[in-house]
Amino acid sequence: MAALIGTVVITEAKAECEIADAKLEEAILQNPRLRGPANSQSVRDLRSLRDAAFTLRSYGRHEDCERLLANIRELIAGPPMGSLGDNDEEEADKQNAAREPKIKRGAALGSRDKKDAKPLLRIDELAPGLRTDEMLGAEVRSSDDKIVGEVRNIVFGTKDGRDYAIVASGGFFTAGKDSIVVPIRSLKVSQDRASFFLPISKEIMKTVPLMPDQHYEWLSDQKWRLHNDALFERR
């Protein structure tokens, strides 16, 4: 235990491992190979690796966390690592280049400005209805189409009928630590159900308070919830 504590103290002085820079959820959204139903297990495995990176980071093992992120980037880029031993130098170069993040957090712009972009839908307009597994891990964007983060948890059944999506792991927030609380009724969704959108811009996002505790005691704080929810009222 003493050795572990010593390691944590030493590594805390080093730069933090930026898990969100791996852009896993964006890669899943943009890569047909990852989005196909035949690769659903691969996607779950990638998310499990990212969660392992959270754990390494929480113990101050930032170098180990960075190495794991490099592996995640390689797996996203494909082909499998076993193919790097062949003579296809171009594929090997692509695989090695994937070790470095190309886009910093909060910088990714979507495709809402394209002419063929289909209108967004309110969640209560969807038919059939939205499943929980379609929300967990889905990306969340601001009204000006900038990445905010991803859905990490969902809260149902409050006494006042307000359901919430807990959004974290990207955009303006520290991966796995800081989150915001978004009323589900304020969200809109793309017609392919791949992205959720907030009714506020990137700039207004900076005024949204972080979730005050990780034990969900804020659910009993009606004053805090009313203030928070008012920021997401459709404008």
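Which residue in E7 is the bridge partner of Glu139? The structure examined here is a predicted model, in which local features need pLDDT of at least 70, side-chain atom pairs count only at pLDDT 80 or more, and totals for chains, interfaces and linings use all residues. Residues are numbered from 1 along each chain as its sequence is written, and side-chain values use heavy atoms, with hydrogens and water left out.

To take the opening question, Glu139 has Ser195 as its bridge partner in E7. This pair belongs to the contact between strand E2 (residues 139–141) and strand E7 (residues 195–197), which run parallel and are joined by three bridges. Strands here are DSSP runs of E with at least two residues, helices are runs of H or I with at least four, and both are numbered from the N terminus; two strands pair if DSSP finds at least two bridges between them.

The disulfide connects Cys17 and Cys65, with an S to S distance of 2.1 Å. Their link is left-handed, at -65° about the S-S bond. The two cysteines are 48 residues apart and tie together distant parts of the chain: Cys17 lies in the loop between helix H1 (2–11) and helix H2 (24–30), and Cys65 in helix H5 (residues 62–77). Cys17 is buried, at 0% relative accessible area, and Cys65 also counts as buried at 0% relative accessibility. Buried means under 20% relative accessible area, exposed over 50%, and partly exposed in between (1.4 Å probe, protein chains only).

Notes. Disulfide = S-S within 2.5 Å.
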